[in-house]
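Let's walk through this one together, a question at a time. Have the sequence and the model open beside you.

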Amino acid sequence: MARIVVAQRAGACYGVERALSLTLEQAEQAAGPVHTLGPLIHNPLVVEDLEARGVRVTDAPEGAGSGLLIIRAHGTTPEVIADAEARGLTVLDATCPYVKKVHVAAKKLVDAGYDVLVVGEAGHPEVEGILGHAGHARVVGGVEDVRALIDADALGKKVGVVVQTTQTLALLQAVVAELLACAQEVRVVNTICAATQERQQAAAALAAQADAMVVVGGKNSGNTRRLFEICAERCARTHHIEAADELEARWFAGVETIGVTAGASTPQAHIDAVVAALQALA
Ligand code: F3S
């Protein structure tokens, strides 16, 4: 029988688990309709389960009609919240407290007169939320974007920097190094959340030892796909599944150690189900 080892850090982060439990609570208690603004997490099974409990997804406040609108862990702009409230919706803000810290840091820098840059992915809902709370800030995806601003002479002398919670330290360092070459003052608030990096490091360490790896999470989840790549580089027999019923016994023929990891959008219950299925199989 194979040994099954779950990565030391795996699955939903604090902010996602928190948003999920707040939503489940409301699904039980709320008298009227309950909507989430966008899918609560990038995991189709969780979204289906929430739908079965009466929680619907809407892309914008006007789609909700009435009742409760839940803001997911990524957060949103103050304008969207104001719009929802003006439509008579009750807003439950499940923005991750670490994302809120980025909102506050960006706003403080703007108020203190810094030309604020958000290091992150343009158009990502978290980044849109940060821009909205900052009031006046710009997104840079990498060093090229900073160079373009410098070349266009579009940067102030005092530059403030915050960063999307899921970006890497290497990217932040590269951006700051580029800025230091031109700005008189660069003030950086490192708002990277450790959760993503911890999961990647733990997955890499486990994949290097395991004979086979199972990565659990939505196929549409960027961070789960990244975990899959990290594991596949170190363990050829790596499989990405969304649910326990996708497991196939032949994947584990002759293996001694099976590693399990899961993306930030995978609740603990799904990991437990996969481990139980593996115990029955391998
Ligand atoms: Fe929050 Fe970090 Fe997760 S910012 S939503 S705990 S990845």
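The largest cavity has a volume of about 60 Å³. This is a predicted model, where local features need pLDDT of at least 70, side-chain atom pairs count only at pLDDT 80 or more, and totals for chains, interfaces and linings use all residues. Residues are numbered from 1 along each chain as its sequence is written, and side-chain values use heavy atoms, with hydrogens and water left out.

Q: How many cavities of 30 Å³ or more does the whole structure have?
A: A cavity here is a set of points, on a 1 Å grid over the protein atoms alone, where a 1.4 Å probe fits but cannot get out. Grid points are joined across faces, edges and corners, and the volume is the space filled by probe spheres set on the points. With the 30 Å³ cut-off, the search of the whole structure comes back with 1.

Q: Which element gives the largest share of the lining of the largest cavity?
A: Lining residues have an atom within 4 Å of a point, and here they are A195, T196, R199, Q200, N223, L227, A262, G263 and A264. Two or more of them come from each of α8 (194-209) and α9 (222-234); helices are DSSP runs of H or I with at least four residues, strands are runs of E with at least two, and both are numbered from the N terminus. The largest share, 4 residues, belongs to α8.

Q: Why is strand β12 (residues 257-262) largely enclosed by the rest of the structure?
A: Buried means under 20% relative accessible area (1.4 Å probe, protein chains only), with exposed over 50% and partly exposed in between. T257, G259 and T261 on one side of β12 are buried, and so are I258, V260 and A262 on the other. β12 is largely enclosed because its buried residues number 6 of 6.

Q: Which residue stands opposite V214 in β12?
A: Strands pair if DSSP finds at least two bridges between them. Strand β10 (residues 212-216) runs parallel to β12 over 5 bridges. Strand β1 (residues 3-6) is also parallel to β12, with 4 bridges, and V5 stands opposite G259. For V214, the residue opposite is V260.

How values were computed:
On a 1 Å grid over the protein atoms alone, a cavity is a set of points where a 1.4 Å probe fits but cannot get out, and a pocket is an open set with protein on both sides within 12 Å along at least five of seven lines; lining residues have an atom within 4 Å of a point.
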